[in-house]
Amino acid sequence: MAERTPSPTIEDYLGIIFTLERDGEEVIGARLSELLEVSAPTVTVTLRRMVRDGWITMTPGKKIQLTPGGVEAAKAVIRRHMLTEWMLAKILNLPWSKVHEEAHKIEHSISSEVELSLIDKLDDPAQCPHGNPMPGQESISSNWKPLDECIAGDKIIIERIHEFLEEDPVLMDFLESNQILPGKQAQISEILPFNKTITLKNDAGVVTLGLDIAKSIYIEKQQ
């Protein structure tokens with residue numbers, strides 16, 4: 001049986017494991033170590049504790065999966081995080097590029113009562129400010145394509161900045177400054193595979209991104 005309330009550290013693990021599973025990416029300790037920026041031994045110790053407490057299972061091949069209790073706990077912390085982002089953006093007018101970092105400091109202390117109040121106040125949003133779907137709303141993004149799959153000349157609408165890009169505040173500030181934001185339009189002007197860059201034009205001017213970043217920005221093509 002999982003403990004009733006996971007610790008903030010365990011909630012961080014649960015949220016990342018849920019996101020990896022949602023994206024169809026195999027969950028292994030090395031990937032968690034990279035994303036959480038902690039040592040492999042630290043990840044190993046934490047995962048063992050999560051198995052003991054019923055949040056995850058691990059196969060002999062070290063594949064990690066959330067238990068039903070782990071899924072529900074992960075959804076809860078992700079939902080609180082996204083609601084907190086909206087609170088910071090809409091109510092406190094914090095810059096778009098900073099709401100993820102600040103929400104991470106608050107999400108673990110949001111009570112169920114406050115969560116319900118935010119849902120009501122914010123009209124139960126289906127996505128976070130960065131376009132990522134709330135748990136249970138994943139179908140919203142099912143037809144969106146990664147930016148790096150575009151070709152020169154494509155007219156697009158930015159829809160979503162993947163959660164893992166949100167962890168880089170410098171990158172998020174760059175995206176905000178250059179209008180790479182959900183709902184913004186752009187046109188692909190050049191793709192240079194040998195240089196691993198994609199260049200687009202929008203209201204901010206000409207913006208060049210690395211393809212490794214572009215693959216985690218999701219778009220819809222305009223006719």
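**Entry 1: two helices crossing.** I looked at H1 and H4 and found that their axes come within 8 Å and cross at roughly 100 degrees. Axes here are lines fitted to C-alpha atoms, for helices over the stretch in contact, and angles run from 0 to 180 degrees between N-to-C directions. H1 and H4 are therefore roughly perpendicular to each other. I noted the cut-offs: angles under 35 degrees count as roughly parallel, over 145 as roughly antiparallel, 65 to 115 as roughly perpendicular, and the rest as oblique. In H1, the residues Glu11, Leu14, Gly15, Phe18 and Thr19 meet residues of H4 that include Gly70, Ala74 and Ile78. Contact means heavy atoms within 4.5 Å.

**Entry 2: ground rules.** This is a predicted model, where local features need pLDDT of at least 70 and side-chain atom pairs count only at pLDDT 80 or more, while totals for chains, interfaces and linings use all residues. Residues are numbered from 1 along each chain as its sequence is written, and side-chain values use heavy atoms, with hydrogens and water left out. Helices (H or I, at least four residues) and strands (E, at least two) are DSSP runs, numbered from the N terminus.

**Entry 3: H1 itself.** H1 covers residues 8–22, which is 15 residues, and reaches 21 Å from its first C-alpha to its last, close to the 21 Å expected. The expected span is 1.5 Å times one less than the number of residues. Just after H1, I found glycine 24 with a positive phi of about 75 degrees.

**Entry 4: what H1 hides.** Which residues of H1 are buried? I listed Ile10, Glu11, Tyr13, Leu14, Gly15, Ile16, Ile17, Phe18, Thr19 and Leu20. Buried means under 20% relative accessible area, exposed over 50%, and partly exposed in between (1.4 Å probe, protein chains only). These buried residues pack against helices H2, H3 and H4 and strands S1 and S2.

**Entry 5: H1 and H3.** I found H1 and H3 packed at an angle of about 90 degrees, with their axes 11 Å apart. That makes H1 roughly perpendicular to H3. Ile10, Tyr13, Leu14 and Ile17 of H1 make the contact, with partners in H3 that include Val43, Leu47 and Met50.

**Entry 6: the core.** In soluble globular proteins, nonpolar side chains tend to be buried together. I looked for a nonpolar core, meaning a set of buried Ala, Val, Leu, Ile, Met, Phe, Trp, Tyr and Cys residues joined through side-chain atoms within 4.5 Å. The largest has 32 residues, and those with the most contacts inside it are Leu14, Ile17, Leu32, Leu47, Met50 and Ile56. H4 gives the largest share of this core, 9 residues. Apart from it lies another core, of 23 residues, among them Trp96 and Leu147.

**Entry 7: salt bridges.** A salt bridge is a side-chain nitrogen of Lys or Arg within 4 Å of a carboxyl oxygen of Asp or Glu, and the count comes to 10. Aspartate 23 pairs with arginine 22, the closest N and O atoms being 2.9 Å apart. Glutamate 163 and arginine 160 also meet in a salt bridge, at 3.5 Å from N to O, and both residues are buried. Arg22, Asp23, Arg160 and Glu163 are linked in a network of salt bridges.
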